[in-house]
Amino acid sequence: KDGEVSAIAPGNATITVKTVDGNYTASCDVTVKAAPEPDEYVFLFTPANADGDSSASLSATTALNKAFSEGYQYISSITAEKVFPARNSLGFGVKYGTSSAAGNITINLKKPIPATYIVVSAAAYGDTEGQQGFTINGTKVDMAASQNKVYCDYAVKLDGSDLSTITLTQSEANKGRIYVQYIRLIKADGPFYGDCTRKLIAKEDGSYY
């Protein structure tokens with residue numbers, strides 16, 4: 001009466017019980033199905049540390065795992081350089097690079113993940129070098145410096161191969177630091193519509209709003 005059956009992996013099992021009194025037995029077959037793959041995988045950065053290059057760089061796997069509030073269960077190992085906790089008016093994230101060095105991170109996954117799009121929610125740090133940007137799995141993505149601390153989704157369509165590694169590098173040539181809030185792997189094919197908040201200035205009769 002106190003028995004408990006737990007599903008630990010896909011497969012079939014036969015559960016048999018036998019009574020102490022009379023050695024009576026009964027059996028039942030149990031089938032455990034594999035959990036369906038999610039439509040997308042989200043790697044969300046929400047470190048609790050304050051913003052600033054003076055904070056400890058999140059270079060160790062243990063520190064970076066603590067920075068993920070979602071997606072860490074898919075990660076086997078991480079390597080990173082010049083990645084810092086970040087916080088701005090839109091929330092938490094991580095900041096790649098310094099004024100003199102590029103930041104980068106490589107996430108090795110526990111198993112290959114099928115994805116059609118890889119999406120990076122990023123914001124310009126606000127440096128004055130002009131165009132800032134990053135490279136995600138070998139594809140260069142430009143972003144405007146005017147997007148100062150405003151997150152936008154930047155989507156790159158993949159060739160259909162399963163991903164085992166995610167590599168994001170802040171563009172060293174520009175020395176423009178960037179914020180990153182999350183990285184998403186999307187399985188669905190078709191057009192991608194990202195989230196973005198842009199700063200607008202309206203002018204009328206010489207006055208700005």
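Modeller: Start at Asn-137. Asn-137 is partly exposed, at 30% relative accessibility. Here buried means under 20% relative accessible area, exposed means over 50%, and partly exposed lies in between, with a 1.4 Å probe and protein chains only. One caution before going on. The model is predicted, so local features need pLDDT of at least 70 and side-chain atom pairs need 80 or more, while totals for chains, interfaces and linings use all residues. Residues are numbered from 1 along each chain as its sequence is written, and side-chain values use heavy atoms, without hydrogens or water.

Now the backbone. Asn-137 is not a glycine, yet its phi is positive, about 50°. It sits in the loop between β10 (132-136) and β11 (139-143). Strands are DSSP runs of E with at least two residues, helices are runs of H or I with at least four, and both are numbered from the N terminus. Asn-23 is another case: not a glycine, with a positive phi of about 55°. The loop between β1 (11-18) and β2 (25-32) holds Asn-23. Asn-23 is exposed, at 52% relative accessible area.

Next, the charged pairs. Side chains of opposite charge can pair when their charged atoms come close. The rule for a salt bridge is a side-chain nitrogen of Lys or Arg within 4 Å of a carboxyl oxygen of Asp or Glu. That gives four salt bridges. One of them joins Lys-140 and Asp-142, at 2.5 Å from N to O. Lys-140 is partly exposed at 44%. Asp-142 is partly exposed too, at 48%.

Glu-37 and Lys-111 form another bridge, at 2.7 Å from N to O. Glu-37 is in the loop between β2 and β3 (40-45), and Lys-111 is in strand β8 (residues 104-113), so this pair ties together parts 74 residues apart in sequence. Both ends are partly exposed: Glu-37 at 37%, Lys-111 at 42%.

What about Asp-153 and Arg-184: buried or exposed? Both are buried. Their closest N and O atoms are 3.5 Å apart, in a salt bridge. Asp-153 belongs to strand β12 (residues 152-157) and Arg-184 to strand β14 (residues 178-186), distant parts of the chain 31 residues apart. Shared partners bring in Glu-40, so that Glu-40, Asp-153 and Arg-184 make one salt-bridge network.

Go back to strand β8. Thr-106 lies there. It is buried, at 18%. Its side chain makes a polar contact with the side chain of Thr-167, at 3.5 Å. A polar contact is a pair of N or O atoms within 3.5 Å; within protein, one must be able to donate a hydrogen and the other to accept it, and residues adjacent in sequence count only if both atoms are side-chain atoms. Contact in general means heavy atoms within 4.5 Å. Beyond four places in sequence, Thr-106 touches Ser-77, Ile-78, Thr-79, Thr-165, Ile-166 and Thr-167.

Last, the nonpolar core. This is a set of buried Ala, Val, Leu, Ile, Met, Phe, Trp, Tyr and Cys residues joined through side-chain atoms within 4.5 Å. The largest has 36 residues, and Phe-134, Leu-168, Val-180, Ile-183 and Leu-185 touch the most other members. Take Val-180. Setting aside neighbours within four places, its contacts include Phe-45, Tyr-96, Val-120, Tyr-151 and Leu-168. A separate core of five residues has Ala-123, Tyr-125, Tyr-151 and Tyr-179 among its members.
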